[in-house]
Amino acid sequence: MIALALAAGGGGERILLCRPKILGDPALSRAESVIAAARDGDGRFLDYGVACEDAAEGARAARRAGLPHAIATTAEGRADGSRFLLVLADSDTSAVRARSALEVAPGDDAVRPLHAAFDKLLQALPPEPGPRPAHVAAWTVVGVGVAALVAGVVFTIGARDAADRAASATDLDAQITARKDWETKRRNAGIAYGVGGALVAGGLVWRFGF
């Protein structure tokens, strides 16, 4: 069961992070450094809450969570220092994509090198796909539709102003000119609303319906 997000926000797909499997002397393993380093990962990691036996177990957990990748971690405590192993696996195949092993001497900071190790693993991820051309085109259609609706509002305001001028005209020529202006802008507003509404509706159906 997923326990918590290690950090909020962040870019890219989330990656399931298994708590460290502790080997050797637990007091010397410094397993908490793994979680501390992951908290600096710009929100990329999702804490699984428990340790994984191996990368395959982490991949299965990520698959259940709908995540594409998982990192299984090991923290080993020894008299000469702590040894960490980070293994990145694909959730769909359980194949290992990359691994990083590092040793930290007693008394040395473990968080910084672990953070660098996480960054190195992230570089092994496949590039994120860009937006689909069809989606870009659909949103472009929606944008044009919104622009047409805005134009309709402008024509409506102009038609209202022309109607006011026609109502307050003091001579026939001014009244005829204002009325023609009102008719033109009212017609243009109707066209703009119709075209804009159709484009917005069509673009949204294109984007979310296909």
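In this predicted model, the side chains of Glu183 and Arg179 meet in a salt bridge, with 3.5 Å between N and O. Both residues belong to helix 6, where they stand four residues apart, which is about one turn of the helix. Glu183 counts as partly exposed at 33% relative accessibility, and Arg179 is likewise partly exposed, its relative accessible area being 41%. Elsewhere, salt bridges that share partners join Arg78, Asp80, Arg83 and Glu103 into one network.

**Salt bridges**

Side chains of opposite charge can pair when their charged atoms come close.

| Salt bridge | N to O distance |
|---|---|
| Lys21 and Glu53 | 2.7 Å |
| Arg165 and Asp181 | 2.6 Å |

Lys21 forms a salt bridge with Glu53, their closest N and O atoms being 2.7 Å apart. This pair links distant parts of the chain, since Lys21 lies in strand 3 (residues 21-24) while Glu53 lies in the loop between strand 4 (45-51) and helix 3 (55-64), 32 residues apart. The relative accessible area of Lys21 is 23%, and this residue is therefore described as partly exposed.

Arg165 and Asp181 also meet through their side chains in a salt bridge, at 2.6 Å from N to O. Here too the pair links distant parts of the chain, with Arg165 in helix 5 (residues 133-167) and Asp181 in helix 6 (residues 172-209), 16 residues apart. Arg165 is partly exposed at 35% relative accessibility, and Asp181 is partly exposed with a relative accessible area of 21%.

**Another position in helix 6**

Gly197 also has its place in helix 6, and at 32% relative accessibility Gly197 counts as partly exposed. The C-alpha atoms of Gly197 and Val142 are separated by 9.1 Å, although these two residues are 55 residues apart along the chain.

A disulfide is a covalent bond between the sulfur atoms of two cysteines. The count for this structure comes to one disulfide, which joins Cys18 to Cys52 with an S to S distance of 2.0 Å. The link of Cys18 and Cys52 is left-handed, with -65 degrees about the S-S bond. The two cysteines connect distant parts of the chain, because Cys18 is in strand 2 (residues 15-19) and Cys52 is in the loop between strand 4 and helix 3, 34 residues apart.

Are the two cysteines buried or exposed? Cys18 is buried, with a relative accessible area of 0%, and Cys52 is buried as well, with a relative accessible area of 3%.

Which strands pair with strand 2? Strand 2 and strand 4 run parallel and are joined by four bridges, and within this pairing Arg19 stands opposite Ala51 in strand 4. Strand 2 also pairs in the parallel sense with strand 5 (residues 69-78), over two bridges, and the bridge partner of Leu17 in strand 5 is Ile71.

Note on methods
Residues are numbered from 1 along each chain as its sequence is written. This is a predicted model: local features need pLDDT of at least 70, side-chain atom pairs count only at pLDDT 80 or more; totals for chains, interfaces and linings use all residues. Side-chain values use heavy atoms; hydrogens and water are left out. A salt bridge is a side-chain nitrogen of Lys or Arg within 4 Å of a carboxyl oxygen of Asp or Glu. Buried means under 20% relative accessible area, exposed over 50%, partly exposed in between (1.4 Å probe, protein chains only). A disulfide is a pair of cysteine sulfur atoms within 2.5 Å. Two strands pair if DSSP finds at least two bridges between them.
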